Amino acid sequence: MSMPFYVSPEQLMKDRADFARKGIARGRSLVAVQYVDGVLFVTENPSQALHKVSEIYDRIAFAAVGRYNEFENLRIAGVRLADMRGYSYDRRDVTGRGLANAYAQTLGTIFSSGGEKPYEVEILVAEVGGNVDEDTIYRLTYEGRVADEHGYAVMGGDAETVASYLAEHYTAGASLGDALAVAVASLGHATEGGQTTDRVIPVTDLEVAVLDRLRSQPRKFARIRPARIEELLGDRGPSEHAAAPEGGPDSPSSTPPHITPSTDDPADPTDQVSGDVEPLEDPESGEPPVAPPL
Amino acid sequence: MSDARIPASYMQPGTSSFSDFLIANAPDLLPARRSLPAGSAAELAPHGTTIVAATFPGGLVMAGDRRATMGNVIAQRDIDKVFPADEFSVVGIAGTAGLAVEMVRLFQVELEHYEKIEGSILSLDGKANRLSALIRANLGMAMQGLAVVPMFAGFDLDRGSGRIFGYDVTGGRHEENQFYTVGSGSLFARGAMKKLYRDDLSEIECVTLALQALYDAADDDSATGGPDLTRRIFPIIHVVTADGGRKLPEDEIAELADRVVGARMNRPDGPVAPLDLPGGEAIR
């Protein structure tokens with residue numbers, strides 16, 4: 001006979017957050033960088049067909065990391081929402097802020113509802129304006145939190161290392177070539193055991209797209225093809241592919257790099273422990289819970 | 001939206017068609033989903049008139065006059081009846097202007113929506129078929145006098161040539177290889193094009209051909225507007241090539257239109273097509 005156990009709400013939320021965070025941390029990082037003519041998106045993505053960055057509307061783009069089927073659903077919903085609003089009102093009435101709010105409500109509701117698995121995604125909604133000050137980047141987390149980012153935004157994988165590199169090297173108002181060089185270098189930057197390594201990512205493994213305010217068409221989103229990336233980056237020395245075979249959230253890594261079975265580390269996607277406290281204990285007193293009277 | 005969360009139907013995978021999505025989620029937004037009381041509504045709304053299109057090696061030209069009429073009244077002098085459907089295609093409208101403009105708007109979103117969701121561009125035939133479906137859905141209104149008869153043309157990237165599609169009110173489509181005209185002045189414009197069209201026109205010759213055909217339509221059809229020299233209102237002309245579509249700037253059209261009108265001062269019936277006689281000598 002199974003016993004109904006008590007799990008405190010704090011513990012429940014923490015477990016769900018850990019679950020989502022680990023799923024996201026398995027993927028590679030994605031950066032969005034503001035440059036003089038708009039917003040640049042760069043991520044390491046060997047697939048030419050399954051995009052992590054895509055167009056939502058005239059001035060709005062969508063970028064995501066995490067579980068593909070989940071963010072693909074969110075992307076399609078965003079395109080439908082934007083097209084529906086633009087068709088029933090006017091194209092100018094579709095804004096990045098409105099879209100970010102809709103996503104935030106959706107992710108927040110899914111995260112806190114007991115019946116659904118939390119989405120293992122983090123998304124960026126970026127909108128390009130008439131000048132640099134009008135550009136906006138919204139970063140949304142798995143639990144529906146929205147952050148208004150300035151300059152650059154990083155998510156997925158080893159976001160902290162990449163962000164620290166960008167904090168050091170990012171300059172506002174850079175040209176497209178300079179911004180791309182910094183963004184690509186930040187993705188190749190890695191810290192392992194206190195040692196930093198810099199890898200030159202091959203051009204064919206990069207997915208690069210821009211929201212370019214100078215584009216003459218009303219639709220400002222454009223993908224940058226490998227030939228053009230090569231031209232922009234110039235000579236960077238010998239390149240190497242990502243070291244370990246990547247285990248995306250859909251394909252759990254077969255060879256975990258290192259296993260630390262006794263502690264819960266949100267940055268380590270392979271640990272098997274969730275939460276600092278055993279879920280069955282009372283988080284405050286540490287006592288095992290008393291089953292409620294039947 | 002009453003609920004802040006994105007509705008579940010938006011998250012469902014399935015259709016890449018925006019109009020199919022509207023049928024399921026917001027049918028009241030569709031132009032053709034309105035029921036009308038019996039009777040004819042033909043005289044209630046402005047009508048757009050003549051559209052012409054012609055291909056040239058490497059592209060195509062579509063042009064429309066600027067007049068909208070309501071019975072014997074000129075409802076608007078500067079209406080725009082040729083629109084880009086997407087980067088490589090254009091659509092021109094004849095018939096009930098209000099419904100036609102709404103249909104074009106839906107068609108534009110339809111193409112862009114597909115492109116964004118699927119990540120690839122529809123084939124030119126696919127685009128032409130989607131427009132067929134939109135026109136067919138309007139059949140009920142067409143029978144009450146609110147017909148919309150568009151013309152669609154685009155550059156086929158697979159074939160490397162411009163193609164033109166004509167429609168009837170039931171959504172039937174047919175492809176035209178060289179040139180096509182729709183609207184009240186279309187008979188006169190088609191006659192002019194028959195005599196002036198050649199396979200080896202350059203872009204600027206093709207644009208001039210369209211202007212001549214529209215002039216002839218305006219000459220003989222009261223509902224088609226010719227170049228308005230006093231107000232400086234000239235036909236709208238779009239050119240589509242492998243590099244994409246573009247609307248010709250007004251001053252460029254004005255210059256060409258002034259030349260066409262200037263030549264008509266000497267010969268009001270326009271350029272003469274050669275008359276081939278036995279003996280091989282063409283007489284002008």
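**Note on a predicted two-chain model**

1. Helix 2 of chain A packs against helix 3 (residues 97-118) of chain B at an angle of about 165°, and their axes lie 11 Å apart. That angle makes helix 2 of chain A roughly antiparallel to helix 3 of chain B. (Angles under 35 degrees count as roughly parallel, over 145 as roughly antiparallel, 65 to 115 as roughly perpendicular and the rest as oblique.) Axes are lines fitted to C-alpha atoms, for helices over the stretch in contact, and angles run from 0 to 180 degrees between N-to-C directions. Helices (H or I, at least four residues) and strands (E, at least two) are DSSP runs, numbered from the N terminus.

2. The model is predicted: local features need pLDDT of at least 70, side-chain atom pairs count only at pLDDT 80 or more, and totals for chains, interfaces and linings use all residues. Residues are numbered from 1 along each chain as its sequence is written, with chains lettered from A and ligands numbered from 1 in the order in which they are written.

3. The crossing of helix 2 of chain A and helix 3 of chain B is right-handed. (A crossing is left-handed if the near helix is turned anticlockwise from the far one by less than a right angle, and right-handed if clockwise.) From helix 2 of chain A, the contact is made by A:Ile76, A:Val79, A:Asp83 and A:Tyr87. Helix 3 of chain B contributes B:Arg105, B:Val109, B:His113, B:Lys116 and B:Ile117. By class, this contact has five nonpolar, one polar and three charged residues. (Ala, Val, Leu, Ile, Met, Phe, Trp, Tyr, Cys and Pro count as nonpolar, Asp, Glu, Lys and Arg as charged, and the others, Gly among them, as polar.)

4. Between the chains, 16 residues of chain A are in contact with 16 residues of chain B. (Two residues are in contact if their C-beta atoms, placed from the backbone, lie within 7 Å.) On the side of chain A that touches chain B, helix 2 and helix 3 (96-112) of chain A each supply at least two residues. Helix 2 of chain A gives the most, with ten residues. That side of chain A has seven nonpolar, six polar and three charged residues.

5. Chain A holds an open sheet of five strands in the order 3-4-5-6-7, with antiparallel pairing. (Two strands pair if DSSP finds at least two bridges between them.) Strand 3 (53-57) and strand 7 (146-149) of chain A each have a single partner strand, so one side of each is left without a neighbour in the sheet. Neighbouring strands of this sheet are turned by 25° against each other on average, direction ignored. Strand 6 (residues 136-140) and strand 7 of chain A pair over four bridges, and A:Ile137 stands opposite A:Glu149.

6. Helix 2 (residues 68-88) of chain A also lies across strand 3, strand 4 (60-66) and strand 5 (121-127) of chain A. Helix 2 of chain A runs at about 165° to strand 4 of chain A.

7. In chain B, five of the six residues of strand 12 (residues 236-241) are buried, so this strand is largely enclosed by the rest of the structure. (A residue is buried if 20 or more other C-beta atoms lie within 10 Å of its own, exposed if 12 or fewer, and partly exposed in between; C-beta atoms are placed from the backbone.) Strand 12 of chain B pairs in the antiparallel sense with strand 3 (residues 59-64) of chain B over six bridges, and with strand 13 (residues 244-247) of chain B over four bridges. Strands 12 and 13 of chain B form a hairpin with two residues between them.

8. B:Arg232 lies in the loop between helix 7 (203-220) and strand 12 of chain B. B:Arg232 has 12 C-beta neighbours inside 10 Å and therefore counts as exposed. Phi of B:Arg232 is near 55°, a positive value in a residue other than glycine.
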